[in-house]
Amino acid sequence: MNDNLHQLRCFGCGSRIAGAEAQPDFRCTQCGELFEVEYPGWVQRRGPDRPNPAALKWLWRERRCSSETLDQSGVWRYRELLPILNSFGNAVTLREGNTPLYHLPRTAKALGVDQIFAKHQGMNPTASFKDTGMTAALSVARERGFEWVACASTGNTSAAMAAYAARAGLRSLVLIPEGKIAWGKLSQAMDYGAVTCQLKTDFDGCLAVLTEVVRSAPIYLLNSVNPYRLEGQKTPAFEIAEAFDWNVPDHIIVPGGNLGNSSALGKGFRELHELGLVARMPRISVVQAAGANPPVRSFAASNGASLEALEAHTRATAIRIGNPASWRKAARVIQDTHGWCIDVTEAEIAIAKAELGAEGLGCEPASAVTLAGLKKLRAKNLISSSDTVVLVLTGHTLKDADYTIDFHRGTLLTQEEAAGHEKEITALRRNAVVVDAAPAAVLAAMKDMSI
Ligand code: F0G
């Protein structure tokens, strides 16, 4: 069987090319826009390549009990909806996906919303959602015979790419902004053997440099401008739909940085809908940090029609991005699903992260924008008490341990940033203390620190 049923369609001018014809920077030669993967065989309602919804649901459930390597991947388990390889035997997998969907009863009670869940993508092999996209795009790189792969990154993409490249026996090059990523992520790229260059610029500058590099050498670009990344990253939409027995939740809330993830999840739900696996699309909202919010400004100024880049600042370093590559795709998802694009402050992010922590769900700051955003939407009555909401937590808490420690020590936020939130912050902080090695001292510390 030929597993490869796809072509690439330009998101700007609509021109179509074969997968192997894409330029190294994945930009359209006609209009400069990005491509997305499409599957012509799905268009004909009764065509032989159009997937059968009932058969797929049965097959995917059966595969949960399978001991085959591909079936154990939460991405390749759904491989009928990502036929991007000539042979699925070329897939490079670390058993990504199959991440937990946690109920958040305390948060739900506090916000007066019946059902709030967290889809924890930090529970992937390299501890972020990037693994789902990387297994797909790196498999394409291997199948096409590349020896080198590369990405610019705020940390998580590089960790994922380095791991998958190492598994496939490929060399990897990472460009990261010097001093602006969490150390845990840099350590992963090093551990997995990537050539790691810290550039004296920001993420947007790193991507610009890398674009030139891949145009002048046979290196496969693995940023989310690569449309195959999004094919892998759409699969959490399938997992969420499956977890709700193919009745999609009302609202999905996702962080926004380079906007690949929101675009991918939107594509995933759209395909499920078009193929008849689900009856409707969920609302998909994107939340950003207030200092890194070009799409929020774009929606305020032009309802998502144009975007102005800016210099980004936020301690949620994963989403410190001022010129998001996939903004047109994400804007379409937000518009089509009637979602919102909003931003939250540094204090709101830190508080939300600590609140998730207090539910036993650690995540990195960029993930916590989802809860901060949900609180904001609820306060504006844009989410009703009967809604079912899923927050997509994108990275694990250990990715950025310094952030957590700084928050609990009280050194994370400036006074101006914390202004108006002092009570909440005091209630959430759990500072660690050094005490004498004596039971009485420990008991006294417990008394002091319980609120
Ligand atoms: N959350 C985390 C933990 C991330 O690492 C990123 C992006 C995002 C959210 C935003 O996702 O870019 O698809 O909108 N990190 C990239 C990186 C940019 O290089 O690791 P997005």
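The structure is a predicted model, in which local features need pLDDT of at least 70 and side-chain atom pairs count only at pLDDT 80 or more, whereas totals for chains, interfaces and linings use all residues. Residues are numbered from 1 along each chain as its sequence is written, and side-chain values use heavy atoms, with hydrogens and water left out.

The ligand sits in the largest cavity. A cavity is defined, on a 1 Å grid over the protein atoms alone, as a set of points where a 1.4 Å probe fits but cannot get out; a molecule sits in it if more than half of its atoms lie within 2 Å of its grid points. Around the ligand are 20 residues, of which Thr154, Asn156, Asn258, Leu259 and Thr394 come nearest; a residue is near a molecule if one of its heavy atoms lies within 4 Å of it. This shell divides into seven nonpolar, 11 polar and two charged residues, where Ala, Val, Leu, Ile, Met, Phe, Trp, Tyr, Cys and Pro count as nonpolar, Asp, Glu, Lys and Arg as charged, and the others, Gly among them, as polar. At least two shell residues each are supplied by helix H4 (156–168) and helix H9 (260–274); helices are DSSP runs (H or I, at least four residues), as are strands (E, at least two), numbered from the N terminus.

For Asn261, a polar backbone atom is found 2.8 Å from a ligand oxygen. Of the 470 Å² of accessible area that the ligand has on its own, the protein covers 99% (Shrake-Rupley method, 1.4 Å probe).

Three further residues were examined individually. Ala163 belongs to helix H4 and counts as buried because its relative accessibility is 6% (buried means under 20%, exposed over 50%, and partly exposed in between; 1.4 Å probe, protein chains only). Ala163 and Leu94 are 69 residues apart in sequence, with their C-alpha atoms 8.7 Å apart in space. Ser367, in helix H13 (residues 365–379), has 0% relative accessibility and therefore counts as buried. The side chain of Ser367 reaches the backbone nitrogen of Gly395 at 2.9 Å. His103 lies in strand E4 (residues 101–103) and, at 41% relative accessibility, counts as partly exposed.

Key
A polar contact is a pair of N or O atoms within 3.5 Å; within protein, one must be able to donate a hydrogen and the other to accept it, and residues adjacent in sequence count only if both atoms are side-chain atoms. On a 1 Å grid over the protein atoms alone, a cavity is a set of points where a 1.4 Å probe fits but cannot get out, and a pocket is an open set with protein on both sides within 12 Å along at least five of seven lines; lining residues have an atom within 4 Å of a point.
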